[in-house]
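Subject: Structure handover

Hello,

I am passing a structure on to you. Please open it beside this message and read the two together.

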Amino acid sequence: MSRMMTERGMAAPAAGGSILADFDAILAAVVPELAGRVKAVAFDADTGRLDVVPDAPAVGTKLRWSAPKLVATANERVSGANVRALNVLAPAPVKALPATAAAEVAPRPTAPVAPVQRRTPPEGYRRAIKAHRQAAVPSRGDRGIAQAVERQNRAMRELSRRAFPEPPVVPDDAPAPIDQARVQHRRQTAATEAAALRRARAKKAGREVAVPQRLEQTA
């Protein structure tokens, strides 16, 4: 029945007008701290959507939290309103504020700030600060200690040089160590073979000399 009346335009305009006109009272009854900071701008009778505009993001957030109570109160106060949803639009400044809301929004007068008076430090404190500033900072470096450290470093470098001597400098065209070992091995083998050959020849020659001497003695 109410839907048919809304479609035919019988009750929707009156209900919509009542919702927009009575929204400030409905808002004050549900969320009194937001009175004067929200404005109802449109009501869609077909969908039951009520568009409202807050004056700040924080007010819009609180409206969303209080939407169920606002919808229920609107339907109770306005007969045939059939409000189903509260649509919170982007924040915008509210042009006209009630007297009570203006009083709440107006900034509170701040009390004048009294100048801070610095007390004069006592005489003992000033003497202590002066003595501290005049005191000579002792040198952290000792020449004797530095010389001892340098001697110790030289001794450590010498021990390291003796324990790990540097390898001899090898020319770029010199053969590698493994090639030198092979050449040395070949030389030793050749010398051994030559000595063995000489001994064999000498032994053979000695035998040939001994055989004619035996023949002469026999004759």
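The model is predicted, so local features need pLDDT of at least 70 and side-chain atom pairs count only at pLDDT 80 or more, while totals for chains, interfaces and linings use all residues. Residues are numbered from 1 along each chain as its sequence is written, and side-chain values use heavy atoms, with hydrogens and water left out.

Strands

Helices (H or I, at least four residues) and strands (E, at least two) are DSSP runs, numbered from the N terminus. Two strands count as paired if DSSP finds at least two bridges between them. Strand β1 covers residues 38-44 and strand β2 residues 49-54; the two are antiparallel and share six bridges. Along this pairing, Val 38 is opposite Pro 54, and Ala 42 is opposite Asp 51. The hairpin made by β1 and β2 has four residues between the strands, and Gly 48 has a positive phi there, near 75°.

Strand β2 also pairs with strand β3 (residues 85-88), in parallel and through four bridges. In that pairing Val 52 has Val 88 as its bridge partner. Buried here means under 20% relative accessible area, exposed means over 50%, and partly exposed is in between (1.4 Å probe, protein chains only). Of the six residues of β2, five are buried, so the strand is largely enclosed by the rest of the structure.

Helices

Helix α3 (residues 57-65) packs against α4 at an angle of about 65°, and their axes are 4 Å apart. Axes are lines fitted to C-alpha atoms, for helices over the stretch in contact, and angles run from 0 to 180 degrees between N-to-C directions. A contact means heavy atoms within 4.5 Å. On the α3 side the contact is made by Leu 63, Arg 64 and Trp 65, and on the α4 side by Ala 67, Pro 68 and Leu 70. These residues divide into five nonpolar, no polar and one charged. For that division, Ala, Val, Leu, Ile, Met, Phe, Trp, Tyr, Cys and Pro count as nonpolar, Asp, Glu, Lys and Arg as charged, and the others, Gly among them, as polar.

Helix α6 (residues 123-134) is hardly covered: the count of buried residues among its 12 residues is zero. From its first C-alpha to its last, α6 reaches 17 Å, close to the 16 Å expected at 1.5 Å a residue. The expected span is 1.5 Å times one less than the number of residues.

Ala 74 and Thr 73

Leaving aside residues up to four places away in sequence, Ala 74 touches Ile 19, Ile 26, Ala 81 and Val 83. With those neighbours again left out, Thr 73 touches Ile 26 and Val 30. Ala 25 is 49 residues from Ala 74 along the chain, and their C-alpha atoms are separated by 9.6 Å.

Salt bridges

The structure holds eight salt bridges, each defined as a side-chain nitrogen of Lys or Arg within 4 Å of a carboxyl oxygen of Asp or Glu.

One of them joins Arg 37 to Asp 55, with the closest N and O atoms 3.0 Å apart. Arg 37 is in the loop between α2 (12-30) and β1 and Asp 55 in the loop between β2 and α3, so the pair ties together parts that are 18 residues apart in sequence. Arg 37 is partly exposed at 25%, and Asp 55 is partly exposed at 24%.

In helix α6, Glu 123 and Arg 127 are four residues apart, about one helical turn. Their side chains form a salt bridge of 4.0 Å, N to O. Glu 123 is partly exposed at 41%, whereas Arg 127 is exposed at 54%.

Helix α7 (residues 143-163) holds Arg 154 and Glu 150, likewise four residues and about one helical turn apart. This salt bridge is 3.9 Å, N to O. Arg 154 is partly exposed at 45%, and so is Glu 150 at 35%. Glu 150, Arg 154 and Arg 157 are linked in a network of salt bridges.

Regards
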